[in-house]
Amino acid sequence: MPIIRRLPQSLINKIAAGEVIERPASVVKELMENSVDAGASRIDVYVEGGGVGLVRVVDNGSGIAAEDLPLAVASHATSKLGEADDLFRVRTLGFRGEALASIGEVSRLLVRSRTPGATGGFEIAVHGGTPSEVVPCGCPVGTTVEVRDLFFNTPVRRKFLRSPQTELGHTSEAFVRVALASPQIHCSLWHNDRPLFELPGNLDWLQRIERIFGRELADSLIPVESEDGPVRISGYVAHPSQSRSNNRMQYLFLNGRCIRDRSLQHALGEAYRGLLLSGRYPIAILSLKVPADWVDVNVHPTKLEVRFQDSGRLYSQLLAALRSRFLATDLTTRVAARVEAAGEASVPGPHDPAAAQRAKQQLVEWAKGQLASCGAGSGSATETGVPWPLADQGAAPPMPLEIIRLDGRRRSHPGHLAEISADAGAAENGPAPGNAPKPGPAFFAPPVIPVKALQVHNRYLVAESEDGVMVIDQHALHERILYERLRDRIASGAVESQSLLVPEPVDLSPAEAAAALENRDLLGRLGLKIEPFGGSTVLVVAYPAMLANVAPAEVLRGVVEQLVSGGKLPDRRDVLDDLLHMIACKAAIKAGDRLTPEEVAALVEQRHLVDEAHHCPHGRPAALVFSRDELDKHFKRI
Ligand code: ADP
Ligand code: MG
């Protein structure tokens with residue numbers, strides 16, 4: 001029969017540490033929360049080695065009396081709960097009395113503290129769970145807690161720690177959560193003597209948000225305010241033009257505590273329904289003030305999740321607040337304005353959208369002439385007299401398409417092209433057979449007249465195949481072409497990279513910045529060169545040339561989203577492949593882009609890259625094939 005034994009205290013503490021202290025970021029969270037509870041108006045956080053080597057949190061709060069120091073580091077000892085009922089109206093961030101004991105169990109902990117009335121300070125050290133005597137020390141009023149060598153005595157835990165860069169990402173995220181929850185407190189974060197954040201306490205919430213996440217995000221925020229009885233919701237949600245591929249940019253602060261709540265996140269998603277593409281998540285930074293006895297915060301060891309007495313009420317209030325806010329805000333015009341602005345923005349580098357647009361227009365004019373000359377070519381004429389694939393050409397796609405530019409073969413065999421265009425252009429331009437054709441606009445190699453392929457609804461290409469008809473998804477095919485090409489180039493180490501004349505700073509979340517910098521080499525192979533730029537801002541120095549149409553910031557964001565999605569670090573090849581798909585997807589023409597006949601032809605030429613077996617990375621088929629037999633059967637020919 002197994003014998004039941006009481007666990008020794010140190011084992012109890014280790015078990016508690018397992019729940020509460022997962023990584024250096026957990027230490028930062030617990031220590032900063034203690035400082036907030038102590039009424040500090042200033043909290044300075046220093047970390048080394050991402051927090052694995054050292055976490056030091058210095059505050060100017062109430063301090064701990066010498067005689068209380070041993071209790072502070074003992075388990076289940078807290079100054080925050082008086083009687084049992086207090087548990088159901090918690091007003092402090094901590095109350096379990098476990099954090100310092102847990103941390104002391106798995107690290108070398110030093111607590112120095114001085115209360116306002118005392119003439120000097122006192123300190124206590126805990127090494128792997130063994131506390132020292134309390135001895136006097138010199139220190140300012142407040143508390144300094146130092147945690148060194150986290151998990152030095154729990155090798156299994158230590159093995160789970162990631163690189164310093166990744167741990168720093170988590171650590172910064174933990175810092176940001178507390179700093180956002182308490183905007184009135186001056187907070188700073190330092191890493192290896194480098195300042196990452198310096199957030200004065202005299203700024204308002206929006207200014208603090210801007211300091212943390214950058215101007216671009218702050219500019220896109222829409223204020224939200226709602227009061228229903230004692231429940232108050234206030235804060236910001238982002239304009240739908242700003243979204244993320246995961247819900248990590250949804251910060252909810254309940255009575256000053258950062259929480260995750262599925263129901264409230266669902267309400268957010270509902271409010272943005274129809275405003276965001278599927279798979280995109282809104283950005284929100286919201287504060288909820290609810291009477292303390294309406295929530296149970298004692299359901300999760302790190303209190304990340306809480307239980308509401310009436311979560312339905314909060315859900316409806318949040319949803320209603322957002323909906324009425326959106327109704328009162330003209331979201332669409334802002335989207336359009338932004339797109340325009342983005343289009344006009346002078347992307348530093350070789351790409352000049354206006355020039356490309358002009359060149360494209362020239363090409364369109366030229367192609368119209370060609371088509372007219374070969375008797376309406378592939379389509380029947382509309383009332384406007386323009387062959388229908390080109391009708392409504394006035395509204396050219398906002399971004400120039402670069403299929404031809406990317407098609408190396410087309411350029412390297414001008415002889416072949418000359419034949420075709422000489423032939424097609426003969427009627428109008430009248431060069432003698434065999435003569436070199438009149439050159440088209442210098443920007444392009446003379447285009448080919450599309451043969452037996454049509455663009456329909458600006459999204460599908462209908463082409464004749466060996467033994468039937470193929471309906472191709474234009475985006476999926478182009479994506480596939482770019483993917484294959486990029487993969488070949490990576491294999492041969494020849495991805496073209498375009499340096500930016502003026503490197504572009506991009507604001508990321510701390511975790512994203514860490515992930516990006518950690519994968520710098522990998523991104524470099526893709527042609528995306530980045531540098532750290534202080535805080536969680538990353539500088540894009542060069543980007544893949546094939547993404548000339550996409551703003552560098554967007555490229556980096558897309559890449560980073562791939563890097564951080566999934567949480568764990570997948571193996572490098574998978575990441576590379578995901579990134580290739582992402583880049584190909586971003587660079588490819590979209591459904592809805594009107595294509596010129598030349599572009600259609602260039603695409604269809606490579607239709608072998610998509611057949612029934614090929615799917616786009618999202619699992620949709622890229623092409624449908626109807627065999628002649630099938631068609632014959634349908635039309636009752638056989
Ligand atoms: P809890 O925060 O749940 O009470 P902790 O283990 O985090 O448990 O802290 C134990 C006690 O130590 C707290 O209740 C508080 O009295 C004291 N303490 C910890 N950190 C500080 C600090 N920075 N300033 C003042 N008192 C502190
Ligand atoms: Mg605590």
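Reader: What percentage of the 638 residues in the protein chain is buried?

Author: The model is a predicted one. Its protein chain comes to 22 helices and 23 strands, and it exposes about 30,400 Å², of which carbon and sulfur atoms supply 53%. Among the 638 residues of the chain, the buried share is 48%.

Reader: Which residues does Val147 touch, not counting residues up to four places away in sequence?

Author: With residues up to four places away in sequence left out, Val147 touches Val27, Leu31, Gly53, Leu54, Val55, Ile103, Ser107, Arg108 and Leu109.

Reader: Which helices each supply at least two residues of the shell around ligand 1?

Author: Ligand 1 is surrounded by 20 residues, the closest being Asn34, Thr78, Ser79, Lys80 and Gly97. By class, this shell has 7 nonpolar, 9 polar and 4 charged residues. The helices that each supply at least two residues of the shell are α2 (24-37) and α4 (99-105).

Reader: How much of the accessible area that ligand 1 has on its own does the protein cover?

Author: A polar side-chain atom of Asp59 lies 2.8 Å from a nitrogen atom of ligand 1, and an N or O atom in the side chain of Thr143 is 3.3 Å from a nitrogen atom of the ligand. Arg96 takes part through its backbone, with an N or O atom 3.1 Å from an oxygen atom of ligand 1. Of the 530 Å² of accessible area that ligand 1 has on its own, the protein covers 93%.

Reader: Is Val224 buried or exposed?

Author: Val224 lies in strand β10 (residues 221-228). Leaving aside neighbours within four places in sequence, Val224 is in contact with Ile233, Ser234, Gly235, Val237, Leu286, Ala321 and Leu322. Its C-alpha atom is separated by 5.4 Å from that of Ser234, 10 residues apart along the chain. Because the relative accessibility of Val224 is 2%, this residue counts as buried.

Reader: What is the relative accessibility of Val471?

Author: Val471 belongs to strand β19 (residues 468-473). Beyond residues up to four places away in sequence, Val471 touches Tyr460, Leu461, Ala622, Ala623, Leu624 and Phe626. Tyr460 is 11 residues apart from Val471 in sequence, and the two are 6.4 Å apart, C-alpha to C-alpha. Val471 counts as partly exposed because its relative accessibility is 23%.

Reader: Why is helix α17 largely enclosed by the rest of the structure, and how many of its residues are buried?

Author: The buried residues of α17 are Pro510, Glu512, Ala513, Ala514, Ala515, Ala516 and Leu517. What covers them includes α6, β9 (194-199), α18 (520-525), β21 (529-532), β22 (537-544) and α19 (552-564). Helix α17 (residues 510-518) is largely enclosed because its buried residues number 7 of 9.

Reader: How many of the residues of helix α21 are buried?

Author: Helix α21 spans residues 597-604 and is mostly covered. Its buried residues are Pro597, Glu598, Glu599, Val600, Ala601, Ala602, Leu603 and Val604. The count for α21 is therefore, by the cut-off of under 20% relative accessible area, 8 of 8.

Reader: What is the relative accessible area of Lys636?

Author: Lys636 is found in the segment after α22 (628-634). Its phi is near 55°, a positive value in a residue other than glycine. Lys636 is exposed, since its relative accessible area is 72%.

Terms used: Residues are numbered from 1 along each chain as its sequence is written. Chains are lettered from A and ligands numbered from 1 in the order in which they are written. This is a predicted model: local features need pLDDT of at least 70, side-chain atom pairs count only at pLDDT 80 or more; totals for chains, interfaces and linings use all residues. Side-chain values use heavy atoms; hydrogens and water are left out. Contact means heavy atoms within 4.5 Å. A residue is near a molecule or strand if one of its heavy atoms lies within 4 Å of it. A polar contact is a pair of N or O atoms within 3.5 Å; within protein, one must be able to donate a hydrogen and the other to accept it, and residues adjacent in sequence count only if both atoms are side-chain atoms. Accessible areas come from the Shrake-Rupley method with a 1.4 Å probe; for residues, only the protein chains shown count as cover. Helices (H or I, at least four residues) and strands (E, at least two) are DSSP runs, numbered from the N terminus. Ala, Val, Leu, Ile, Met, Phe, Trp, Tyr, Cys and Pro count as nonpolar, Asp, Glu, Lys and Arg as charged, and the others, Gly among them, as polar. Buried means under 20% relative accessible area, exposed over 50%, partly exposed in between (1.4 Å probe, protein chains only).
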